[in-house]
2 protein chains.
Amino acid sequence: MARLSLNMDEYLPLRDVVFHALRRAILTGEFVPGERLMEIHLAQQLGVSRTPVREAIHKLELEGLVTMMPRRGATVAQISERGLKDVLEVRRALDTFCAGLACERMTDEDKQNLRKAFTAFEEAIYTKDTAIIAQADVDFHDIIINSTGNERLISTINNLAEQMYRYRFEYIKDASQHERLISEHRMLMDAILADNAEKAMKAARIHIDNQEESILTQIHLDEHR
Amino acid sequence: MARLSLNMDEYLPLRDVVFHALRRAILTGEFVPGERLMEIHLAQQLGVSRTPVREAIHKLELEGLVTMMPRRGATVAQISERGLKDVLEVRRALDTFCAGLACERMTDEDKQNLRKAFTAFEEAIYTKDTAIIAQADVDFHDIIINSTGNERLISTINNLAEQMYRYRFEYIKDASQHERLISEHRMLMDAILADNAEKAMKAARIHIDNQEESILTQIHLDEHR
DNA sequence: AGTGTGAATATTGTATACAAAACACAGAAC
DNA sequence: GTTCTGTGTTTTGTATACAATATTCACACT
């Protein structure tokens, strides 16, 4: 009579499975901005009914990844240059705040992890693999954000960051930026390790400023093609 | 054969009607934190089917007003003291940022409206009517927030503010705070009208700090009853 | 009395059905 | 040729049906 607790921890409602599938497709660019998302079509493609698809799409709308018009269905959200600037403006405020908080609140263990994540990022850069670099970048920043211990702050920043993932891929590809990324990370890390809030906030601001510049030039380049 | 155009301008999907109804019920305290929200029950009560109710509940979950557990349904979100502090910490960062931006971006028309809203708030205070005061307070702050012109910032702040509405009612009732509220508003307004970002940010911070203190003591009082 | 078991019930998750609105396109009118 | 109109199709919105899981409560067992 063994067999207690087979891993039913991992129950996932279909709507969440669909949600993650669609979300991934949007963030990786598989679904391009402006593309229509039709319930029946997606349902058949995924082998489920319309219901979970509808619910997943609604969730994506609330996350800002799709746009819905009543009676006209959903499309993959188009982010305008203005929209992107708006997102970055809020991120600038929150990321600098976050960097300051991290200086106050980071534990020794967090600091150890931050060092590791920095090294891992350097190594990721050498691989020249965009996906690996992007992941290492997220990991590095997650350590800082999570060290604040403020769940609301964490989810707010992550939601804002998500809006830019599609464009981040583009600019991470650009190898000419890689050295700069490393040095910016180093500056941010050093400030935090030294609990120097002033410097950390400045480093965070510079990091966002440069990201904004990169992404915007990227977009402008795309426009002229 | 008259009777063309009865006001169907206002087409609203049922899910949105239900959403607003439930949202209002939660924010006014008609539904208390922890209360279960059962689909069939609500559907019958509102005279609709489960579908729009489900969709409304999901939307409320994403807004953070409802907590869902898979297969166990939804309950009105309980906000912990910790959760409240977290929300306020983020608001402090964004409201101060917002106040600074307002100084740069407010048009003369906005400034005129801000003065009007300030006077309206003063008058609202004299009525001693909680609902009116709360509305005038929202109006005043909305002018500042909207003057930034940053849609993302606006919706982020509004979402955070919403989390506290239920508690705000409690502390707005406290007449001993009224004079202080007016003077804080005046300080914030004067700084913005003078385009003094430094002072405006400080005023915004003080305003949030005092709100935090009020709400937290309110909660502690409730606990001891 | 307390605990465990199981059937009855209630509730959520998913699928499907039907209604109403949007869309597309062909043909008529000018 | 262009615009209007009407019909057929597609798609979304809402209701309902069915399946699977959770909850409740009575009852037996210790």
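**Exercise 1.** How many aromatic pairs does the structure hold over all chains?

*Solution.* The model is a predicted one. Over all chains, the structure holds 2 aromatic pairs. One of them is formed by A:Phe118 and A:Phe140; the ring centres are 6.5 Å apart, the planes make an angle of 55°, and the pair is tilted.

**Exercise 2.** Determine which elements of chain A the pair formed by A:Phe118 and A:Phe140 links.

*Solution.* Step 1: A:Phe118 belongs to helix 5 (residues 108-127) of chain A, and A:Phe140 to helix 6 (residues 130-146) of chain A. Step 2: the two residues are 22 residues apart, and the pair links distant parts of the chain. Step 3: both A:Phe118 and A:Phe140 are buried.

**Exercise 3.** Explain why the pair of B:Phe118 and B:Phe140 is classed as tilted.

*Solution.* Step 1: planes under 30 degrees apart count as stacked and those over 60 as edge-to-face, while the rest count as tilted. Step 2: the planes of B:Phe118 and B:Phe140 stand at 55°, with the centres 6.5 Å apart, so the pair is tilted. Step 3: B:Phe118 lies in helix 5 (residues 108-127) of chain B and B:Phe140 in helix 6 (residues 130-147) of chain B, so the pair ties together parts 22 residues apart in sequence. Both B:Phe118 and B:Phe140 are buried.

**Exercise 4.** Over which ring does the charged end of A:Lys59 sit?

*Solution.* The charged end of A:Lys59 sits over the ring of A:Phe19, 4.7 Å from its centre. In chain B, the charged end of B:Lys59 sits over the ring of B:Phe19, 4.7 Å from its centre.

Notes: Residues are numbered from 1 along each chain as its sequence is written. Chains are lettered from A and ligands numbered from 1 in the order in which they are written. This is a predicted model: local features need pLDDT of at least 70, side-chain atom pairs count only at pLDDT 80 or more; totals for chains, interfaces and linings use all residues. Side-chain values use heavy atoms; hydrogens and water are left out. Rings of Phe, Tyr and Trp (its six-membered ring) pair if their centres lie within 6.5 Å; planes under 30 degrees apart count as stacked, over 60 as edge-to-face and the rest as tilted. Helices (H or I, at least four residues) and strands (E, at least two) are DSSP runs, numbered from the N terminus. Buried means under 20% relative accessible area, exposed over 50%, partly exposed in between (1.4 Å probe, protein chains only). A charge sits over a ring if NZ of Lys or CZ of Arg is within 6 Å of the ring centre and within 35 degrees of the ring normal.
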